[in-house]
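Notebook open, model loaded. I want to go through a couple of loop residues and then the ligand site.

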Amino acid sequence: MDLGLTNKVAVITGGDSGIGKATAERLVREGAKVALIDKTSDALTRTTEKIQSLGEVIAVQADLTQREQVEAAKQQILDRFGTVHILVHAAGITGATGDFLEISDQEWQETIEVDLMAAVRTCRAFLPLMRSAGWGRIVLVSSEDALQPYPEELPYCACKAAILNLAKGLSKAYAKDGVLVNSVSPAFIATPMTDAMMKTQADQEGIPFDQAIEQFLQNNRPTLELQRRGRPEEVADVIGFLCSERSSFVLGANWRVDGGSVASL
Ligand code: NAD
């Protein structure tokens, strides 16, 4: 299927790792020009150099919790590519975890700044460019946790639920301008984010990493019907479709890429 992405300019946040990186590779292979935004620096340069063998890619370092850094990133991308047609917002953190009663206001704020406000800031920066071009695609990466909250990570769950609502609301506001907004909700994908969770569990229980994954699936994700971790590329394939010409009648939808993990309809 030709996705019709040749020469489209895509911005991918969290582009240095996991789902963002796999999405960057997917879009570049389809002929898009890609700007990777991440707060990392040396690692981002290395990632970009690797993907550059596939097509036109630039690295833009920015901490998305800082409004002025988002604006500077936008300027850097405009200087290189002149416009932006696509935004995939994949930057995120697990944030504060543990007993709800033990999580401070400050810890909540730190999570909200990355997992909600960074999406607000990046949409505010790049959406007007798509609007004036009369064509745009935005994909906000949410999570299964938005629909099926896990009590030990409530700041993350609450932010991801807000992301679904943000995507739906933006889709209503800007469809008339040709900008189609959707969200994607993965579950238990093999990325550094879940590697860190599994490593902690393995260390705490003194078991091998692979056993920690099996145990987590059985005990914590019994409804993940496929009973394995997803691959970042499996999420990138869905995001790639949503960024493309082929998704021209799709908006305001939440696409689950979760191996069946969310137990309800
Ligand atoms: P990851 O940790 O591999 O990548 C996240 C990237 O975001 C990192 O490169 C990190 O540097 C970047 N980032 C974090 N804070 C930032 C900031 N302030 N400014 C700029 N960049 C920042 O994680 P991933 O698993 O690839 O997750 C990507 C998205 O998918 C996240 O939004 C995550 O919540 C979501 N998600 C992941 C899973 C999973 O199982 N991996 C499941 C559901 C949802």
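**Entry 1: E30.** I looked up E30 and found it in the loop between α1 and β2 (33-38). For the element names, helices (H or I, at least four residues) and strands (E, at least two) are DSSP runs, numbered from the N terminus. Before going on, I noted that this is a predicted model, where local features need pLDDT of at least 70, side-chain atom pairs count only at pLDDT 80 or more, and totals for chains, interfaces and linings use all residues. Residues are numbered from 1 along each chain as its sequence is written, and side-chain values use heavy atoms, with hydrogens and water left out.

Which residues does E30 touch, not counting those up to four places away in sequence? I got L3, L5 and T6, with contact meaning heavy atoms within 4.5 Å. The side chain of E30 also makes a polar contact of 2.7 Å with the side chain of R26. A polar contact here is a pair of N or O atoms within 3.5 Å; within protein, one must be able to donate a hydrogen and the other to accept it, and residues adjacent in sequence count only if both atoms are side-chain atoms. I also checked E30 against Q204: they are 174 residues apart in sequence and 43 Å apart in space, C-alpha to C-alpha.

**Entry 2: T65.** I found T65 in the loop between β3 (57-61) and α3 (67-81). Its side chain makes polar contacts with the side chains of D63 at 2.8 Å and Q66 at 3.0 Å. Leaving aside neighbours within four places in sequence, I have T65 in contact with E113, V114 and R121.

**Entry 3: the ligand.** Where does the backbone come in? A ligand oxygen is 2.8 Å from a polar backbone atom of I19, another entry puts a ligand oxygen 3.3 Å from one of F188, and a ligand nitrogen is 3.0 Å from one of L64.
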